[in-house]
Structure formats: structure tokens, C-alpha cells
Amino acid sequence: MQHTTDTTLAGDTLMGTRPSPASLRVLSVLEASGLEAWIVGGWVRDALMGAPGHDIDICCSGTWQQSSAALRAAGVSVVESGIKFGGITAVVEGERIEVTAYRLDGFYTDGRHPESVRRASCVEDDLARRDFTVNAMAWHPTRGLLDCYDGRGDLARRRIRAVGEPRRRFEEDALRMLRAVRFACRLDFDMDGQTALALAECAPLLDQVARERVGIELEGILVTRHGGDALIRYPELMCAAVPELARMRGFDQRTPYHAFDVYDHTARVLTVAGELSRFRIDGGDPSAPPSPSLMWAALLHDVAKPDCFTVDERGRGHFYGHPKAGEVSAGKIMRRLSCPNDLIRDVGLLIRDHDRPLSPDRVELLRQMQRFARSGVDVPRLMGELFDLKRADTLGKAPTCFYYVEEIERMREMCRELIANHEAYSIKTLDLSGADLVGLGMTPGPRVGEALARALEGAVIGAVPNDRNSLLAYLGFDVQSSIRS
Ligand code: ATP
Ligand code: MG
């Protein structure tokens with residue numbers, strides 16, 4: 001199947017986005033050796049959207065051996081990064097450009113990986129195996145845009161549509177379903193009707209995909225800040241990715257504090273947590289993606305609610321123990337999805353403490369910081385995320401609870417001051433060390449630890465300021481004579 005290109009889009013730039021000099025060099029070296037090469041995929045999509053900055057992928061008519069030989073002969077270094085699937089990486093002045101041979105398949109992620117891939121004879125056939133129309137365009141500075149599936153039309157309609165028959169494409173590779181949702185969330189696009197139908201129908205096929213890949217795509221969705229939309233619009237798929245979510249759907253909380261069922265509440269919390277990361281009340285960089293630990297915690301903070309549900313004599317619902325049980329469930333889910341241990345720990349701590357009563361009180365806040373510090377985490381960061389989670393959780397409840405937001409912000413401010421004033425919340429932040437005590441004549445051993453713990457407790461309750469001499473005096477050292485000696 002031969003298609004014509006849109007030559008009006010040929011030129012030095014694609015809609016104002018200029019390919020990097022490194023990619024142009026790779027293109028020209030490949031073509032000077034008699035091969036055909038195109039820029040494909042994400043760079044073309046993003047350039048057409050006026051959102052430059054995507055890394056550049058090139059596809060080429062030659063085998064990887066031919067591309068590699070041509071590049072090396074021209075002095076370009078080559079890494080044989082994916083030769084099993086016809087891919088190499090050209091490195092020009094530190095920039096890495098993926099160069100892949102035209103091929104008919106090679107994206108399977110369900111464990112049925114082919115040993116090798118079948119080569120395609122033309123770029124059109126290579127585009128046909130790509131997942132979505134907006135990802136299936138190729139561009140060349142002199143030949144222009146090759147768009148066989150109306151990817152541009154879908155960009156204009158802001159729509160994710162599978163290339164070809166969606167059901168068949170999802171049956172071929174079920175991970176594409178999560179990719180569809182990730183792209184829809186990231187670009188803030190809708191799903192084409194047929195593609196959306198196929199997503200719901202084929203959702204159970206996600207079981208065939210390696211859990212680790214599911215975890216990576218899921219996190220990709222969460223950090224777009226539109227994970228809440230994903231839950232609401234694509235519940236079948238999201239529940240296939242995390243089956244524990246299914247029990248939350250339609251789960252009536254039977255309490256005046258909640259206007260929504262557990263699932264819809266979770267979607268709202270995800271949305272607010274995402275928005276908070278855009279406005280960065282904490283003074284952080286608003287263009288940075290939201291913290292994965294906050295987003296996972298938002299997704300899973302109430303995952304144990306259905307297990308902990310009781311109804312009192314007045315008919316009111318309670319979920320005693322759901323934070324602790326949620327920490328355990330989240331750990332199980334995230335381990336299954338091969339999430340890193342540090343992330344699992346942070347998410348567990350946020351879930352464990354998300355519902356713990358906390359008020360703008362110096363000692364209460366220091367106690368909370370102490371609890372985090374015991375787990376060896378970055379306390380200022382996790383406190384910020386705890387406030388974000390609490391704020392998002394509050395705004396996902398019923399309007400009668402919204403007053404608590406002001407208190408949360410007072411706590412955030414107080415916490416910032418406590419940290420700026422070098423208040424102690426751990427042995428590490430105490431202005432006194434074991435070495436100090438031993439230097440003053442204490443015998444190394446458990447008593448040193450006990451003394452430090454006493455000093456920390458004194459500092460936390462405000463009985464003594466966190467400075468070395470005051471802490472020593474508090475512990476009964478004769479500070480004046482020890483300074484003299
Ligand atoms: P980004 O890297 O910014 O998420 P991208 O479009 O570059 O977006 P990649 O995952 O890097 O996406 O893949 C590069 C291209 O390869 C895609 O644009 C798409 O054409 C194709 N592709 C990747 N994965 C699949 C898949 N599972 N099925 C079909 N095509 C795929
Ligand atoms: Mg990419």
C-alpha cells in the first residue's frame with residue numbers, strides 16, 4: 001500500500017519544530033548510503049501539536065547491520081541496543097537517536113515475544129503496526145508528512161484511535177490498552193468510540209501482560225495528573241490493572257461525610273492531588289510531574305475500605321482500621337506490579353497516616369514528623385505529600401468537611417517553620433550527637449542512646465530548645481565546666 005506524502009509540510013521544521021542537528025545527521029548519513037529513513041512516532045506527534053522536545057526515533061529501510069555499517073563508516077558511534085528487534089542507537093555529540101529497521105511486528109509485551117521480527121518492505125507497512133493514529137505518522141525534511149491513518153485529523157479532533165481494528169490490535173498486544181489511556185490522559189484527548197468499546201471489552205486480556213509492564217504504564221497514567229479521569233472513563237481497564245479497585249466501585253459509604261462511593265471518591269482525590277502538584281502550594285516546580293508516591297497513595301489510600309466496613313446501630317458506616325489495612329494491601333498490590341521498594345514504603349506511610357487526626361499544634365506535628373523519621377524517609381518531602389493527600393482526601397468527601405482544608409494549610413505553614421527553625425524531630429536533627437556525649441565522658445553503649453532519646457523527647461515537647469548547650473544542661477551535664485575543660 002503506497003501513500004503520498006503531504007509535501008507542504010516538508011522543510012527545515014515541522015510546524016516550527018526543528019529536528020536536532022544530530023537526528024538530521026543520522027538521516028542524511030543513512031540516505032547517502034542508499035537507504036530510506038524517516039522520523040517517526042512521538043516526535044512527529046508532538047511537533048504537530050506544537051509541543052516540541054520529544055526524543056527522536058528514526059525508522060529505516062535497511063537492516064540494523066546496514067544502518068550500523070553506514071553510520072560507522074561516517075564516523076557516527078553506534079550502540080547495538082535492540083538488535084533482536086532490528087534496533088540500534090546512534091550517538092551524535094551525546095544525543096541518542098534510536099534507529100529501527102522497517103518491521104511488521106515486534107511490540108508484544110505478553111510474554112509471547114517473537115525470537116526475531118519480520119521485516120517490512122516499506123515505511124507504510126511499518127506505520128501499520130504502530131498503535132494509534134497519532135503515533136503512526138512519519139516525517140522527512142524533503143518528503144514531508146506521511147500520514148496513512150489520518151493521525152493529523154485525530155490530533156485536531158483530540159482523539160486517540162487505534163490503527164486498524166481496535167479489538168484485533170488489543171488482542172495482539174494488550175498493553176496497548178493502557179498506552180491508549182496513558183496517551184489520552186497525557187494529551188487530554190478523548191477516546192475514539194470504537195477504540196473505547198474495545199478497551200472495555202478486551203480489558204480482561206490485560207492479565208496476559210507482565211505485571212511489571214502494567215505497573216510502569218499505570219504509574220505513567222497517574223503522573224499525567226488525569227488518573228481520576230482514567231478511573232471514571234475507563235473503569236473496566238483500570239480495575240483489570242488493579243483488581244482490588246473493582247470492590248470500591250459503587251461501594252456506598254453510608255456516612256454524611258462522604259458524598260461519593262469509594263471509587264468515585266478515589267477518582268476525585270486523584271484529580272485534586274494532580275491539581276495540587278500543578279499549583280505547588282509547597283513552592284515546588286509546577287512544571288515537574290507530580291510525585292509518584294503521592295499519586296499511588298491517592299489511588300490506593302482507601303483500597304481496604306470494603307474490607308473494614310461496619311454499620312453502627314444508627315445505620316452509619318465506619319471503616320475502622322482501613323488506613324493500616326490499606327498500607328498492607330497497597331504493599332501487596334505494588335509488589336505485584338514490581339514497584340521499587342522505596343516507593344512502596346513511602347506510599348505505605350502516607351496511606352497509614354492519611355486519616356490520622358492531626359491539628360495545627362506544634363507537638364502533634366513534630367510527633368507526625370517523628371513517625372516518618374523512624375522509617376528513614378525524607379521527612380520534609382513526605383510531610384508535604386501528607387498535607388497534599390489530606391487536602392485532596394478532604395475535597396473528595398462532602399462539602400461539610402471542606403473547612404478542614406484551612407487547617408491543613410495552617411499545618412503546612414507551621415511544618416515549614418518548624419523545619420526552618422531547626423526543631424528536632426529525630427536523633428539526626430537533634431543538635432547533639434552520641435559523639436558529643438562520649439566526648440564529655442559518657443561510656444559508649446546503650447545509655448548514650450537513652451540520653452539522646454530523652455533529649456529528643458524534651459525538645460519535642462518544648463521542655464528544652466534544640467541547641468547543644470541547652471540539651472546538655474537538660475541531660476544534667478555541667479555545661480559551664482564542660483566548656484571550660
Ligand atoms: P513517549 O515516549 O513520549 O511516551 P512515544 O510515542 O515516543 O511517546 P514510545 O513508547 O516511545 O512512545 O514508542 C515509540 C513509538 O513506537 C510510538 O509512537 C508508536 O508508534 C510505537 N509503539 C510503541 N509501543 C507500541 C506498541 N505496544 N504497539 C504498537 N506500537 C507501539
Ligand atoms: Mg518515546
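Residues are numbered from 1 along each chain as its sequence is written, and chains are lettered from A and ligands numbered from 1 in the order in which they are written. In this predicted model, local features need pLDDT of at least 70 and side-chain atom pairs count only at pLDDT 80 or more, whereas totals for chains, interfaces and linings use all residues; side-chain values use heavy atoms, with hydrogens and water left out.

Ligand 1 is surrounded by 16 residues, the closest being Arg45, His54, Arg176, Arg179 and Arg186, where a residue is counted if one of its heavy atoms lies within 4 Å. By class, this shell holds ten charged residues (Asp, Glu, Lys and Arg), together with four polar and two nonpolar ones. Helices α2 (42-48) and α7 (175-187) each contribute at least two residues to the shell, and α7 gives the most, with five; helices are DSSP runs of H or I with at least four residues, numbered from the N terminus.

Among the polar contacts (pairs of N or O atoms within 3.5 Å), a polar side-chain atom of arginine 45 lies 2.8 Å from an oxygen atom of ligand 1, and an N or O atom in the side chain of arginine 186 is likewise 2.8 Å from an oxygen atom of the ligand. A polar backbone atom of aspartate 131 is 3.1 Å from a nitrogen atom of ligand 1. Taken alone, ligand 1 exposes 590 Å², of which the protein buries 81%, with accessible areas from the Shrake-Rupley method and a 1.4 Å probe.

Definitions and conventions
A polar contact is a pair of N or O atoms within 3.5 Å; within protein, one must be able to donate a hydrogen and the other to accept it, and residues adjacent in sequence count only if both atoms are side-chain atoms.
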